[in-house]
Amino acid sequence: MTKNDIAGVLEEIGTLLELKGENPFKVRAYQAGARALEGIEEAELVRLVKEEQLQTVKGIGEALAQKITELHATGRLEFYEKLKTSIEPGLVEMLQIPGLGPKKIKALHDRLSIADIAALTKACQAGSVAELEGFGEKTQEKILAGIKNREAYGRRHLWWEAWEIAEPMVAGLRALPGVIHAEAAGSLRRGLETVGDLDFIVAAKKIEPVVEWFTTLPQVKEVTAKGETKASVRFESGLQADLRIVPEEQFAFALHHFTGSKDHNVQMRQRALARGLSLSEWGLVPEADRELTTEDGGRKTVKAVVAERTLSSKDQAPTSKSGKDGEKEKKGDGRQGSVVGTEKELFKALGLHFIPPELREGLGEIEAADQGELPRLIELADLRGAFHNHTTASDGRNTLAEMVGAAEALGWEYLGFADHSKSSFQANGLSEERLFAQVDEIHALNAARRFKTHVFTGVECDILTDGRLDYEDAVLAKLDYVVASVHNAFAQDEDKMTARIIRALENPHTTMLGHLTGRLLLRRESYHVNAVKVIDAAIANRVIIELNASPWRLDMDWRHWRKAAERGLLCSINPDAHETGGLAHVRAGINAARKGWLTSENVLNTRSLAQVKKYFAGRKK
Ligand code: DGT
Ligand code: CA
Ligand code: CA
Ligand code: ZN
């Protein structure tokens, strides 16, 4: 760690201690230490650490010297990691609100029991913050404004939440008169786990009604831009959406461009250039032929046409336009007729097979498309069941029978359960007796043939801090399968956590590993674990790693899957459903699986009931 990184950590420790209401002297010691570090040269720090002379620096005492040395050598500090996990994450998050320091946050926590931004918002709206000593009306207003801005500009959004808004909008756009095509593009279409903003691309005969519809939707909180062929809006949640309307013949190019990713686009343009072509959001034109004939017979370059169009849309933005302009613009498009009408044709024009949006991350998809080596990606319809699901027996909201009924309604051949084990008492984990009762219930359900869906017995078994599992072997042996997961002691260092998980994988009863990193997207960081080592161990022990399809997890991350699957790792797409509606989350898991280049062969729950039974039986031997 560099000097500045270390100073940053010390500063943060000071803030966190203050948040906890620690002794002000202790707080100040860390702040002083940070400043002292800033005052010396990097080389000087190296020398002082080496000669163990740090405490000779004014502002750095014995204890601090030790911590700096540890950070300098390892980049980590046990004390700091522990401190971080000892504080409610909501309080730390509140630090991002302008005008709210640790002292104020502590006061809010102590006096109003406010532990996160949602509660703070409510308290401000109710006026109770203003009544607190040291706060007042003005501060309260400032806090509210700060929260609003942070949400509006700072936050990304879960793919699932963005999709729930986007999907009906696409349907609405398509239903408008004069709309020829409408698609959601951007990171949403690429199936990224979080989304910055929505991007809609529309081909329409008449532009104005589309813009009008888009900007007057009931869920729109604010119209942030409104031009002749585009508009931007912001929703209640802070999520923003861009709309672009293009002439029909540009649709494929615009859709491709605004689907991205940027890296993919850059590589596509390079490929076009290598073939003497110029690819843009407006079209694909011969590079040598950059001069275009306009309607009035003049000659103009693509660049000039583009510049004009950009200008004219800016100039005319404030005035209302008649629908005729769409027609005019369409004819006025001087681009030479290219036969590209779909993305498929666009790729073909560059000698490529169609690249599914999920693969467009600039990670080798163009090379694979060139060689005809793109995988046949898994699809939602390939799934025939799912294994990691909860019931009211632990922390789920629906009974076992309700869950099975929902799986049957989805047409699934099988459903497996994995309620929490006894150490997860916060999640009402099952004692051996309660687990056996559930196993009996499942056997009875299968025997009665009440549902077409077969039910598998399983458990989500805690991996204890040392890597042992939460039940005796004899208990685990009674189940069809075991999902082993980490649910506590997140602060362990990477070596410890990695060894802990690997030990669990070596247990012959472990069928699959649950949520590899424990991350909660946009809410909680991963614990420290060496993913590559865990993947190696899973392959060596023929253990599955789950792709937890909960929109908050999507863990193991798609970025690991391509390589891992190539090396023989088997995946299971697990909804981790806590209610009947949660089964649908496999849709998000499919996105991630596709981004990880997975085919149906890579995923256990695409197999038939008979094959799965055989797989579990084989694992038991
Ligand atoms: P997001 O919204 O942050 O989750 O990510 P995207 O990928 O949706 O990005 P966004 O909304 O800024 O733009 C949509 C797409 O438009 C992006 O994936 C690629 C394309 N695009 C935007 N700006 C640029 C750019 O400066 N260069 C290139 N090559 N493409 C761009
Ligand atoms: Ca976007
Ligand atoms: Ca955008
Ligand atoms: Zn879990």
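## Basis of the report

This is a predicted model, in which local features need pLDDT of at least 70 and side-chain atom pairs count only at pLDDT 80 or more, while totals for chains, interfaces and linings use all residues. Residues are numbered from 1 along each chain as its sequence is written, chains are lettered from A and ligands numbered from 1 in the order in which they are written, and side-chain values use heavy atoms, with hydrogens and water left out.

## The calcium ion (ligand 3)

At 2.3 to 2.7 Å, the calcium ion (ligand 3) is coordinated by Asp197 (OD), Asp197 (OD), Asp199 (OD) and Asp242 (OD); donors are N, O and S atoms within 2.8 Å of the metal (3.2 Å for Na, K and Ca), and because water is not among the atoms, sites may look incomplete. Along the chain, these donors follow the spacing D-x1-D-x42-D. Asp199 belongs to strand E4 (residues 197–204) and Asp242 to strand E7 (residues 240–246), so the pair ties together parts that are 43 residues apart in sequence. Strands (E, at least two residues) are DSSP runs, numbered from the N terminus.

## Burial

Asp199 is buried, with a relative accessible area of 11%, and Asp242 is buried at 17%, whereas Asp197 is partly exposed at 25%. Buried means under 20% relative accessible area, exposed over 50%, and partly exposed in between (1.4 Å probe, protein chains only).

Methods: Helix = DSSP H or I, 4+ residues; strand = E, 2+ residues; numbered from the N terminus.
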